Amino acid sequence: MASDTLISLPAFDAVARTAVEFLIQGKNVALVAPPGAGTSCVTAMIQDGLSAAHVPSKSFNCIGKGEIAARLAAFKPSKP
């Protein structure tokens, strides 16, 4: 999902900006919310911010218990 196709929401903008700042500083960030809360939108905004800062990133949509280990093991960051 491209963030340029999304409607800007101030709360989402603030969350995305804060996450990008934390990630650029080398801190870990987890965005956790129930289905339909807008995490895909915020994730797209975060990835755009990281790409603009030339920071490789990859988002994980972990939908089931025990799936994160396999996804992290296969993680290959994208090039900005």
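How close do the axes of helix H1 and helix H2 come, and at what angle do they cross?

1. They come within 9 Å and cross at roughly 45°, with H1 covering residues 10-24 and H2 residues 39-52. Axes here are lines fitted to C-alpha atoms, for helices over the stretch in contact, with angles from 0 to 180 degrees between N-to-C directions.

2. A quick word on the source: this is a predicted model, so local features need pLDDT of at least 70, side-chain atom pairs count only at pLDDT 80 or more, and totals for chains, interfaces and linings use all residues. Residues are numbered from 1 along each chain as its sequence is written, and side-chain values use heavy atoms, leaving out hydrogens and water.

3. On the whole fold, the protein has three helices and zero strands, running α-α-α from the N terminus. Helices (H or I, at least four residues) and strands (E, at least two) are DSSP runs, numbered from the N terminus.

4. Back to the pair: H1 and H2 are therefore oblique to each other. That label is for what remains after under 35 degrees (roughly parallel), over 145 (roughly antiparallel) and 65 to 115 (roughly perpendicular).

5. Now look at who touches whom (contact means heavy atoms within 4.5 Å). From H1, residues including Phe-12, Val-20 and Leu-23 meet H2 residues, among them Met-45, Ile-46 and Gly-49.

6. Buried residues (under 20% relative accessible area, 1.4 Å probe, protein chains only) make up 15% of the 80 residues in the protein.

Conventions: Buried means under 20% relative accessible area, exposed over 50%, partly exposed in between (1.4 Å probe, protein chains only).
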